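Thank you all for coming.

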Amino acid sequence: MITPHILSAEMSDLEQLLHDRAGVGGRDFATKLRRARRSLPRYARRAGQRIVSARSMMAHPKLARLVDHSGLEKDTHLLRHALHKVDP
């Protein structure tokens, strides 16, 4: 189960990978993901969007129960794997 603290740590790691591997900048994860759209495959972009929406849902106590934690773990793994494939 992913807690909000674990999710924000995962997102900061993914932000760093987006900066290092895809060479994009921005002030937050959603901005960096949007700027890296052409260098990522479609499945990785969609996984990133699901991560962004899950983060906003986890900020609200009642909506946090609706987050699919196993799917969120899968999405972070997919995006991390796709970013490692990108040639910097």
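Let us begin with helix 1, which passes helix 3 in a left-handed crossing; a crossing is called left-handed if the near helix is turned anticlockwise from the far one by less than a right angle, and right-handed if clockwise. Helices here are DSSP runs of H or I with at least four residues, numbered from the N terminus. Please keep in mind that this is a predicted model, in which local features need pLDDT of at least 70 and side-chain atom pairs count only at pLDDT 80 or more, while totals for chains, interfaces and linings use all residues. Residues are numbered from 1 along each chain as its sequence is written, and side-chain values use heavy atoms, with hydrogens and water left out.

Two packed helices are described by the angle between their axes and the distance between the axes. For helix 1 (residues 4-22) and helix 3 (residues 42-58), the angle is about 150 degrees and the axes are 11 Å apart, where axes are lines fitted to C-alpha atoms over the stretch in contact, and angles run from 0 to 180 degrees between N-to-C directions. Which residues of the two helices meet? On the helix 1 side they are P4, L7, M11 and L14, and on the helix 3 side I51, A54, R55 and M58, contact meaning heavy atoms within 4.5 Å.

Turning to helix 1 by itself, its buried residues are L7, M11, L14, E15, L17 and L18, buried meaning under 20% relative accessible area with a 1.4 Å probe, protein chains only. They cover an arc of only 165 degrees around the axis, which puts them on the same side of helix 1; the arc is that of the directions from the helix axis to the C-beta atoms. These buried residues pack against helix 2, helix 3 and helix 5. After helix 1 comes G23, whose phi is positive, near 70 degrees.

In helix 3, the buried residues are A44, A47, G48, I51, A54 and M58. Viewed down the axis, they fall within an arc of 120 degrees, so they line one face of helix 3. Their cover includes helix 1, helix 2, helix 4 (61-64) and helix 5 (69-85).

Leaving aside neighbours within four places in sequence, K32 is in contact with E15, L18, V24, G25 and G26.

Conventions. Buried < 20%, exposed > 50% of the residue type's maximum accessible area, 1.4 Å probe, protein only.
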